[in-house]
Amino acid sequence: MFLTISTNGTAARPATDLGYLLHKHPGKAQAFSTSYGTAHVFYPEADAERCTAALLLEIDPVALVRRGRGKGRGGAPDAALAQYVNDRPYAASSLLAVALGNVFSSALRGVCAARPERAAAPLPLRVEVPALPARGGPDLVRRLFAPLGWSVTADPVPLDTAFPEWGDSRYVRLLLESERLTLAEALRHLYVLLPVLDDAKHYWVSADEVDKLLRAGEGWLAGHPEQQLITNRYLSRRWSLTRQARERLELVRLAEADDSEVEDIDNAVADEPETEGIDVADENRTEGNGNVLVDEPGTEGMDNAVADGAGTEGVDNAAADGTGTGTGTGTGTGTGTGTEEKPTPLAVLRREAVLAALDACGAARVLDLGCGQGQLVQALLKDARFTEIIGVDVSQRALTIASRRLKLDRMGERQAARVKLVQGSLVYTDQRLRGYDAAVLSEVVEHVDPPRLPALEYAVFGHTRPRTVVVTTPNAEYNVRWESLPAGHVRHGDHRFEWTREEFRTWAAAVAERYGYEAEFTPVGPDDPEVGPPTQMATFTITTEREAKAA
């Protein structure tokens with residue numbers, strides 16, 4: 001199997017710089033041992049105006065069979081001859097892609113100490129592959145390469161030129177040309193797409209193939225129109241690996257859209273797996289900015305008053321009684337004797353308030369926007385009145401924990417039909433979320449940068465437009481009652497703001513007016529006569545007149 005890479009140059013920028021970029025000297029013919037044969041690199045032409053590097057892979061059929069252990073094309077027990085007589089020595093495939101990755105590993109990474117400026121700049125490139133298996137034909141070849149900036153020529157190879165009536169084979173002669181790509185980008189395209197077009201791999205596809213795919217696909221695969229086909233074929237249609245790859249690619253796409261790093265998008269929860277049966281203290285949730293949305297207060301070392309059923313023995317629940325001064329009766333003056341009934345955690349009170357609001361509006365199909373680890377989704381599933389529940393979060397880690405919490409893999413068919421977890425950002429419109437009765441934004445808005453709030457408002461109230469929207473957020477005035485919260489601090493380091501009651505009502509009234517809703521306000525938690533409740537909730541309901549106009 002064989003491919004060539006050519007470039008043009010001038011006296012000032014000689015084409016022979018290709019040798020520096022590939023880390024292979026144009027004046028030498030070099031051979032490299034691989035697991036399946038020998039890879040040769042040589043230069044049929046090399047001068048200032050034009051330089052061509054050729055990669056030739058000589059296959060050892062016996063080594064291929066021995067290492068393949070019966071896997072791959074021609075590896076079936078009843079096809080012993082086909083293990084040795086096949087197209088592997090002649091047609092570009094995963095074998096050539098692996099050789100390309102091994103022989104040109106530095107070039108794939110874009111590393112060139114001798115000519116760093118050339119490695120980072122686009123080159124006039126011409127790639128030729130005389131025999132490329134293409135399951136899907138020339139049309140698929142063009143669909144894969146053209147969106148990446150290549151001019152594509154894919155000519156079918158006839159089965160036999162002496163018998164044209166036999167038609168074309170599944171092989172094509174491939175010519176790719178571009179002046180917009182760096183050499184590293186070109187090599188990464190080939191590394192992924194050659195085995196995709198062959199649609200067969202000569203080795204067992206394991207979990208590390210996902211990392212290989214994402215490394216080689218960095219910068220282009222997340223937005224490729226054929227992303228699903230590429231991931232399916234590259235990972236040999238292994239469903240679990242394909243799902244993992246696509247989830248990670250979606251994070252990349254969201255991060256690029258947000259001009260953020262993936263780590264900033266998917267930081268809702270720690271990497272450590274959650275202990276089954278124990279709720280994480282403070283309901284971790286995420287929103288379109290991908291940051292942790294935590295229950296009150298999130299400062300390290302604080303008491304776990306609002307832990308969501310964490311069940312830590314001896315935890316100080318003082319804050320839940322509204323005072324932060326002890327485990328008293330809720331009046332703010334008791335010291336408690338340890339025999340009194342513990343107050344209900346604020347996280348539980350908030351969920352109960354949200355469920356009551358959903359019940360009052362008669363919602364059956366509900367969106368939990370910023371569902372985090374699925375506490376509210378879990379509560380909704382326990383009530384048969386909610387027939388369809390969609391949990392939306394930008395963090396795949398949070399969704400994975402939510403899936404475990406809900407035991408989706410063990411859930412009965414009827415129950416599983418009621419719930420779905422969806423990855424998405426709340427500051428972008430999403431057609432999948434339209435047509436639902438109600439949406440919940442529980443402890444979400446305070447994690448959005450104020451300049452981005454209008455985008456969230458439009459996405460939820462203007463585009464998704466459920467009949468009812470329930471919003472909860474901390475009451476900044478109540479912060480003085482948190483004894484362990486330093487003065488002037490917000491309850492969690494990621495909170496971009498915390499509203500007073502007046503500020504929240506002003507925001508809610510403006511949103512309601514702008515999008516045709518009416519807002520009603522409900523305190524959540526002990527309603528302090530001076531500073532109000534720890535959590536404030538607004539229930540938005542579409543007005544009949546405006547809804548009629550919208551319809």
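Start by selecting H23, which counts as partly exposed because its relative accessibility is 38% (buried means under 20% relative accessible area, exposed over 50%, and partly exposed in between, with a 1.4 Å probe and protein chains only). You will find H23 in the loop between helix 1 (17-22) and strand 2 (30-34); here helices (H or I, at least four residues) and strands (E, at least two) are DSSP runs, numbered from the N terminus. Look at its backbone: H23 has a positive phi of about 60° although it is not a glycine. Most residues other than glycine have a negative phi.

A quick note before you move on: this is a predicted model, in which local features need pLDDT of at least 70, side-chain atom pairs count only at pLDDT 80 or more, and totals for chains, interfaces and linings use all residues. Residues are numbered from 1 along each chain as its sequence is written, and side-chain values use heavy atoms, with hydrogens and water left out.

Next, select R237, in the loop between helix 9 and helix 10. R237 also has a positive phi, near 60°, and is a residue other than glycine.

**The largest pocket**

Now show W239, R243, E247, Q396 and L421. Of the 26 residues lining the largest pocket, these are the closest to its centre. The space in this pocket comes to about 870 Å³. On a 1 Å grid over the protein atoms alone, a pocket is an open set of points where a 1.4 Å probe fits, with protein on both sides within 12 Å along at least five of seven lines; lining residues have an atom within 4 Å of a point. Grid points are joined across faces, edges and corners, and the volume is the space filled by probe spheres set on the points.

Colour helix 9 (227-234), helix 10 (239-258), helix 14 (396-406) and strand 10 (419-423), each of which supplies at least two lining residues. Which of them gives the most to the lining? Helix 10 does, with 10 residues. By type, the lining holds seven nonpolar, 10 polar and nine charged residues (Ala, Val, Leu, Ile, Met, Phe, Trp, Tyr, Cys and Pro count as nonpolar, Asp, Glu, Lys and Arg as charged, and the others, Gly among them, as polar).

Stay on helix 14 and pick R405. At 8% relative accessibility, R405 counts as buried. A polar atom of its side chain lies 2.7 Å from the backbone oxygen of Q373.

**Rings**

Select F461, F497, W499, F504, W507, Y515, Y517, F521 and F540, which form one aromatic cluster. Zoom in on W507 and F540, both buried. Their ring centres are 6.1 Å apart and their planes stand at 85°, so the pair is edge-to-face (rings of Phe, Tyr and Trp, its six-membered ring, pair if their centres lie within 6.5 Å; planes under 30 degrees apart count as stacked, over 60 as edge-to-face and the rest as tilted). W507 is in helix 17 (residues 501-515) and F540 in strand 14 (residues 535-542), so the pair ties together parts 33 residues apart in sequence.

Then try R365: its charged end sits over the ring of Y436, 4.2 Å from the centre (NZ of Lys or CZ of Arg must be within 6 Å of the ring centre and within 35 degrees of the ring normal).

**Last stop**

Finish at G516, in the loop between helix 17 and strand 13 (517-524). G516 is buried, with a relative accessible area of 2%. Select T543 too: the C-alpha atoms of G516 and T543 are 6.0 Å apart, although the two are 27 residues apart in sequence.

Definitions and conventions:
A polar contact is a pair of N or O atoms within 3.5 Å; within protein, one must be able to donate a hydrogen and the other to accept it, and residues adjacent in sequence count only if both atoms are side-chain atoms.
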